[in-house]
Amino acid sequence: VLVGISGDSCITFTAHDAYMRDLALILPKDAIASLSEKENQASLKNLERTVNATVIPSIDVDFKKLKEMYGAPKELTV
């Protein structure tokens, strides 16, 4: 599940990196922002097509199902 700002650049690059690592992508369309709504929509549409991303509203992300499928995320240490 990928969220953040700069959907037309940072999110796009990260999505392509994930795709190259054979990871499935869910992009909550209301949790990604770009400089304009037009650019944001174009980026999301492009990512659906190029990296087979699932673009859905954040309320539709089934975190319980994802946890069952992939396990709990590991803690980050700095």
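Leaving aside neighbours within four places in sequence, T12 is in contact with G7, S43 and L47, where contact means heavy atoms within 4.5 Å. The model is a predicted one, in which local features need pLDDT of at least 70 and side-chain atom pairs count only at pLDDT 80 or more, while totals for chains, interfaces and linings use all residues. Residues are numbered from 1 along each chain as its sequence is written, and side-chain values use heavy atoms, with hydrogens and water left out.

T12 sits in helix α1; helices (H or I, at least four residues) and strands (E, at least two) are DSSP runs, numbered from the N terminus. With a relative accessible area of 16%, T12 is buried. Here buried means under 20% relative accessible area, exposed means over 50%, and partly exposed is in between (1.4 Å probe, protein chains only).

Which residues of α2 are buried? They are N40, S43, L44 and L47. These residues cover an arc of only 95° around the axis, which puts them on the same side of α2; the arc is that of the directions from the helix axis to the C-beta atoms. An α-helix has 3.6 residues a turn, so residues three or four places apart point the same way. On the face turned away from the buried side, α2 carries the exposed residues K38, K45 and R49. The cover over the buried residues of α2 includes α1 (7–20), β2 (26–28), β3 (32–33) and β4 (54–56).

The largest nonpolar core has 12 residues, among them L2, I11, L27, L44, L47 and V55. Such a core is a set of buried Ala, Val, Leu, Ile, Met, Phe, Trp, Tyr and Cys residues joined through side-chain atoms within 4.5 Å. Its largest share, three residues, comes from α1. Not counting residues up to four places away in sequence, L27 touches L2, I32, L44, L47, A53, T54, V55 and I56.

Finally, look at two loops. D22, between α1 and β2, has a positive phi of about 65° although it is not a glycine, and at 71% relative accessibility it counts as exposed. N52 lies between α2 and β4. Its phi is positive too, about 55°, although N52 is not a glycine, and N52 is exposed, with a relative accessible area of 62%.
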